[in-house]
Amino acid sequence: MNLALETRNLKKNFGGFVATNDVSLRIVQGARHALIGPNGAGKTTIINLLTGTLAPTSGQVLLHGEDIAKLSAHARVGRGLSRTFQINQLFGDFTPLDSVMLAISEREGRSTHIFAPLKSQKDLVAEAAGLLEKFGLADVMGDATTALPYGKQRLLEIVLAIATRPRVLLLDEPAAGVPEEERHEVLAIVRDLPADVTVVLIEHDMDLVFAFADRISVLAQGALFAEGTVAEISKNPDVKAIYLGEDA
Ligand code: ADP
Ligand code: MG
């Protein structure tokens, strides 16, 4: 089995608090892998450790077998590891079409010689518009991004991440704020990304997780609590127990 992402004994302490406790994850290339657990379990912290936003206290992170622990967040993106963009900071003043075109040109610039011409403007527009259309954003692609409803901004974040053509895509609650009736469709589109793209999803809604994932890792109090297929996790009484008392 080719591993896309692996953590070995990953630890992160904030002062005396252990946010990530000896987590060893193995995520197979092409997986639709969900990372679940109650609020505060340490899911976002792991994503931050994977992307390089946070430095681990100890332990390793491997991307396609390469130890990337010392690489900057930017260098990791260059290796094909993407998470959703925070459009609020980066792209607020642009239209969705401009933003996606920019993401595509950056991608092309990275992979071609510095003096090679960028994709022609026409190709750029077509690719960007096509992606936006897939996510139901065609009718707003010329609007100011900050004027979009929150749910559409979240969709745009996913489109921007996909536009970079990641090999591994990390999604931290991408459907939060997306209207209920659209959530399944959004995750179905992500699920249908090319089979060699690995997707790691954090999601609170179990119906969405079970429809999306082929494998699930459960975190509790910073540590790996259970791991298995959807069938295994959905009927695991211990997993149900750690969610009790939480209003999901
Ligand atoms: P989840 O995404 O599963 O809800 P997080 O990874 O965001 O959980 O947080 C896990 C725990 O680590 C929480 O108790 C949170 O308060 C703590 N934590 C996260 N980031 C920091 C930080 N920068 N400083 C101190 N504590 C943090
Ligand atoms: Mg979180």
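This is a predicted model: local features need pLDDT of at least 70, side-chain atom pairs count only at pLDDT 80 or more; totals for chains, interfaces and linings use all residues.
## Around ligand 1

Let's start with the ligand. Its neighbours are Phe-14, Phe-17, Ala-19, Pro-38, Asn-39, Gly-40, Ala-41, Gly-42, Lys-43, Thr-44 and Thr-45. By type, this shell holds five nonpolar residues, five polar ones and one charged residue.

A polar backbone atom of Gly-40 lies 2.8 Å from an oxygen atom of ligand 1. For Gly-42 the corresponding distance to a ligand oxygen is 2.9 Å, and for Ala-41 the distance is 3.2 Å. On its own, ligand 1 has 560 Å² of accessible area, and the protein covers 57% of that.

Which elements give two or more residues to the shell? They are strand E2 (17-23) and helix H1 (43-51). H1 supplies the largest share, with three residues.

## A look at helix H6

Helix H6 takes in residues 150-163, 14 residues in total. At 1.5 Å a residue, H6 should span 20 Å, and because its end C-alpha atoms are 20 Å apart, the two values agree.

Is H6 largely enclosed or largely open to the outside? Twelve of its 14 residues are buried, so H6 is largely enclosed by the rest of the structure. Among the buried residues are Leu-155, Leu-156, Ile-158, Val-159 and Leu-160, and also Gln-153, Arg-154 and Glu-157.

After H6 comes Arg-165, a residue with a positive phi, near 50°.

Note on methods: Residues are numbered from 1 along each chain as its sequence is written. Chains are lettered from A and ligands numbered from 1 in the order in which they are written. Side-chain values use heavy atoms; hydrogens and water are left out. A residue is near a molecule or strand if one of its heavy atoms lies within 4 Å of it. A polar contact is a pair of N or O atoms within 3.5 Å; within protein, one must be able to donate a hydrogen and the other to accept it, and residues adjacent in sequence count only if both atoms are side-chain atoms. Accessible areas come from the Shrake-Rupley method with a 1.4 Å probe; for residues, only the protein chains shown count as cover. Helices (H or I, at least four residues) and strands (E, at least two) are DSSP runs, numbered from the N terminus. Ala, Val, Leu, Ile, Met, Phe, Trp, Tyr, Cys and Pro count as nonpolar, Asp, Glu, Lys and Arg as charged, and the others, Gly among them, as polar. The expected span of a helix is 1.5 Å times one less than its number of residues. Buried means under 20% relative accessible area, exposed over 50%, partly exposed in between (1.4 Å probe, protein chains only).
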